[in-house]
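Trainee: Could we go through this structure together? I would like to begin with the aromatic residues and then move on to other topics.

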Amino acid sequence: MSQLVIASQLDEDFNEVIRQRLALTHPGAEVLDVPAGVPSDLPAEVSILLARPINVRGYLAPDTPPPGWPYGLKWVQVVSSGIDFYPKWLFDGPPVSTSRGSAAENIAEFALAAIFAAAKHLPDIWVHDATWNFTALTPIKGTTLGILGFGAIGRSLATKAHALGINVVALRQSETPFEVEGVEAAQDIHDLFARADHLVLAAPLTAATRHIVNSAVLASAKPGLHLINIARGGLLDHGALLEALDNGAIGLASLDVTEPEPLPDGHPLYSHPRVRLSPHTSAISSNSRHEIADSFLANLERFLNGLAPENLANVQRGY
């Protein structure tokens, strides 16, 4: 086999981890640093592209691919779980796989942290002087966690929640049984919202799920529901959310994702007293370099052995 040459749009420290790992298994393999954004002018010897999201921070890739696409590529892996951050033509060439599941533990931990913060009134209970006012904190044991979407994030979250004595009810698109014992299936999305004390949106964004959480769904919510979105901002109608927060249907919203990202200056979600907004950071950890490497290198071995990569993107399905 000719020399293995990989083009990577990741940061240098991520690429260095991959180089070090490849040196042990595939001496002579080369990882080229290439710019983020629309892939262009890749050297002819590059057979694999490790790509980061393109349509982010308000940028939209052209509807047509750059001249020469897909160059000499035989396989593309994107470092995100979803495929909504990429132009459609990226999927018209060689097989494209995603990194679905690589950050599931990080995201599940973040969702649990949001639940703890809400229940224990953090950071509001920190004191800064001698005026101590005691606040009754809410137990999480015995509460009900709703999960919309039940992939790797949902499975990790449900397992962790059960260990804490939290009841779990979930809704997924497929009829596949839940892989975690004790998870109860909601009848529909309205039933899910009506039963949950905390509810995590963990579904992919597709044409069918855009604004799946709308005014009618929010009106079904159990009074005081804490809504947590760690998936995609487009799942949630922000105007409907603001109305539900103002009329009391929703007690608190913890949002790690929005649409667009970032929200424009002055957007009411920034200043609403019952909104906790973070900058799409739940998947990022101090170990992300190794998690991305694990996902990519496992698929690389499949590619080199003539097998289809895991987590192949499906444009029709939307993820």
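Trainee: Is Phe-150 buried or exposed?
Mentor: Please note at the outset that this is a predicted model. Phe-150 has a relative accessibility of 3%, and because buried means under 20%, it counts as buried.

Trainee: How many aromatic pairs does a search of the whole structure find?
Mentor: The search finds six aromatic pairs. One of them joins Trp-75 and Phe-296, which are stacked, with 5.5 Å centre to centre and 10° between the planes.

Trainee: Where are Trp-75 and Phe-296 in the chain?
Mentor: Trp-75 belongs to strand S4 (residues 75-78) and Phe-296 to helix H8 (residues 288-304). The pair links distant parts of the chain, 221 residues apart. Both Trp-75 and Phe-296 are buried.

Trainee: Back to Phe-150: which kind of aromatic pair do Phe-150 and Phe-178 form?
Mentor: Phe-150 and Phe-178 form an edge-to-face pair, with 4.8 Å centre to centre and 65° between the planes. Phe-150 is in the loop between strand S6 (144-148) and helix H3 (152-163), whereas Phe-178 is in the loop between strand S7 (167-171) and strand S8 (184-185). These two residues are 28 residues apart, and the pair links distant parts of the chain.

Trainee: Which residues form one aromatic cluster?
Mentor: That cluster consists of Trp-69, Tyr-71 and Trp-89. Tyr-71 also has a positive phi of about 55°, although it is not a glycine. Tyr-71 is located in the loop between strand S3 (48-51) and S4. With a relative accessible area of 22%, Tyr-71 is partly exposed.

Trainee: What about His-121, and what is its phi?
Mentor: His-121 has a positive phi of about 55°, and it is not a glycine. His-121 is placed in the loop between H2 and S6, and at 29% relative accessibility it counts as partly exposed.

Trainee: And the peptide bond from Leu-122 to Pro-123, is it cis or trans?
Mentor: The bond from Leu-122 to Pro-123 is cis, with omega near 5°. Pro-123 lies in the loop between H2 and S6. A cis peptide bond also joins Glu-259 and Pro-260, where omega is about 0°. Pro-260 is in the loop between strand S11 (250-255) and helix H7 (268-271).

Trainee: Turning to the surface, which residues form a nonpolar patch there?
Mentor: Val-127, Trp-132 and Phe-134 form that patch, and together they have about 420 Å² of accessible area. Phe-134 is found in the loop between helix H2 (104-119) and S6. Its relative accessible area is 77%, and since exposed means over 50%, Phe-134 is exposed.

Trainee: Now the charges. What is the count of salt bridges?
Mentor: The count comes to 13 salt bridges. Among them, the side chains of Asp-294 and Arg-21 meet at 2.8 Å, N to O. Asp-294 is in helix H8 and Arg-21 in helix H1 (residues 12-25), so the pair links distant parts of the chain, 273 residues apart.

Trainee: What other salt bridge involves Arg-155?
Mentor: The side chains of Arg-155 and Glu-179 meet in a salt bridge of 3.9 Å, N to O. Arg-155 is in helix H3 and Glu-179 in the loop between S7 and S8, 24 residues apart. Arg-155 is partly exposed at 31% relative accessibility, and Glu-179 is partly exposed at 45%.

Trainee: Which residues are linked in a network of salt bridges?
Mentor: Glu-12, Glu-16, Arg-19 and Asp-33 are linked in such a network.

Trainee: Where does the charged end of Arg-317 sit?
Mentor: The charged end of Arg-317 sits over the ring of Tyr-319, 4.4 Å from the ring centre.

Trainee: Lastly, what does UniProt list for residues 113-282?
Mentor: An unreviewed UniProt entry lists residues 113-282 as "domain: D-isomer specific 2-hydroxyacid dehydrogenase NAD-binding". In the model, the end C-alpha atoms of that span lie 10 Å apart, and the span is 26% helix and 18% strand.

Note on methods. Residues numbered from 1 in each chain as written. Predicted model: local features only at pLDDT ≥ 70, side-chain atom pairs only at ≥ 80, totals over all residues. Heavy atoms only, no water. Phe/Tyr/Trp six-rings, centres within 6.5 Å; stacked < 30°, edge-to-face > 60°. Helix = DSSP H or I, 4+ residues; strand = E, 2+ residues; numbered from the N terminus. Buried < 20%, exposed > 50% of the residue type's maximum accessible area, 1.4 Å probe, protein only. Lys NZ or Arg CZ within 6 Å of the ring centre and 35° of its normal. Patch = residues over 30% accessible without salt bridge, like charges linked within 9 Å, V, L, I, M, F, W, Y side chains within 5 Å. Areas by Shrake-Rupley, 256 points an atom, 1.4 Å probe, with all protein chains shown as cover. Salt bridge = Lys/Arg side-chain N within 4 Å of Asp/Glu carboxyl O. UniProt positions renumbered as here; feature names shortened; annotations may be inferred.
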